[in-house]
Amino acid sequence: MILPTNRTLAIIMGGGAGTRLFPLTKERAKPAVPLGGKYRLVDIPISNCLNSGIRSIYVLTQFNSTSLHRHINASYKFDNFTPSFVEILAAQQTPEGSHWYQGTADAVRQNLRYFLEKPYEYFIILSGDQLYRMDYRQILSQHIANNTDLTIATIPVNREAAKSFGIMQSDDNLRITRFVEKPKEDAVLDSLCIPKDLLQDIGHAPTEDLYQASMGIYVFNRQVLQDCLDNDFVDFGKNVIPSAIDRYKVDAFIFQGYWEDIGTIKAFFDASLNMTDENPPYSFYSPGAPIYTHPRFLPASVIRSTTIERAIISDGCIIEESTIERCLIGLRAHIRSGCKLKNVIMMGADNYEEEIPFPQEGIPPIGLGHNCHIENAIIDKNARIGDNVVISPHGKSPDLNGDGFYIRDGLVVVPKNSVIPAGTWI
């Protein structure tokens, strides 16, 4: 018997230019943004696929894809005796067209010939910038059992959150009958709330005011995907899905676990630091379902005379006589003595200082210098911050471009490879 997962192709959308995550996307694609100290955003959907038995995976991207290529090639290697792969498809010029991806649907359409080369029966389309853990076998099982043409994963959200999502309306049998993009009017929202019987079926009180928000996860039958893209539609959420609801049997798969759209600096910051909580809403550890990434074989971290409260410390770090409170410290981070960090994501470094063949003279070494005070900030990889530097967004505009730094959503972001001279106050 051929399992449904063996007949399923996963397509991970790498996203556009990632302007809302700038400057973290200044030199990398959005799925390549570091996460959780040692992972990348793209590791989440890929690991969900592998843990679900789906081992045929394409990642679509077009912006700053070099580091994403490098990460995927170094992380996901399979043996020669199984039809398993994780491959990147970047936008390219072809006889059929020479433009970049115009949207999610256009990206899939431009690569459809590759997806149809093998006899996959189901196509699961995923986002590359979401934090969640899902067993895709559950949505596939419902899709097949209900003989559905298209299944859309949804998550219950409250009224205020519903205004920022595409909202699905379904009947008690999960058949989707209506879709409204970011409804704002109370009358429209009233008409879209989840029916009382369905609320009870999914374990909620019938009086709760909840709505089905689209998660951007779709399961298509093979022919349905081809038919839905036989047009000039550019986006799934805005164009393809509303059209499909009128033409096909479209069902909802209601997911009730933790899910976060990592679309902004604030969302990224909060989701990351929430991992330091005693009972974090998302954990990278789950028995039998690990999150995979590039194995680096780094030494254990060295910590000397340091006070640490609620922090995640990755491999290969050196931390000397400092105070760290609610921080996420990435690979190879070097924090020198006298530093105080509070609410900080420090992404670490790609190499140790000693491994860099030609270090520049007159600039600080990689990491934090002595006696730095940093709060409410993201320090991207390979940043060089000198002694006695103070970094804080307090008293400044919530959105500001500075010399070697940016403030976004009220948080200071020091971009990758930046140099902050000794004594600087930000």
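Which residue's side chain meets that of aspartate 106 in a salt bridge? The close-ups below, taken from a predicted model, start with that pair.

View 1. The partner of aspartate 106 is arginine 109, with N and O 3.3 Å apart.

**View 2. Aspartate 315 with lysine 38.** Here the closest N and O atoms of the salt bridge are 3.9 Å apart. Aspartate 315 comes from the loop between strand S15 (307-313) and strand S16 (318-320), while lysine 38 comes from the loop between strand S2 (34-35) and strand S3 (39-40), so this pair ties together parts 277 residues apart in sequence. Look for both side chains at the partly exposed level: aspartate 315 has 33% relative accessibility, and lysine 38 has 29%.

**View 3. Aspartate 251 with lysine 249.** These two side chains form a salt bridge with an N to O distance of 2.8 Å. Is aspartate 251 buried or exposed? At 1% relative accessibility, aspartate 251 counts as buried, whereas lysine 249 is partly exposed at 26%.

**View 4. A salt-bridge network.** Salt bridges link four residues here: Arg159, Asp186, Asp190 and Asp209. As a reminder, oppositely charged side chains can pair when their charged atoms come close.

Note on methods
Residues numbered from 1 in each chain as written. Predicted model: local features only at pLDDT ≥ 70, side-chain atom pairs only at ≥ 80, totals over all residues. Heavy atoms only, no water. Helix = DSSP H or I, 4+ residues; strand = E, 2+ residues; numbered from the N terminus. Buried < 20%, exposed > 50% of the residue type's maximum accessible area, 1.4 Å probe, protein only.
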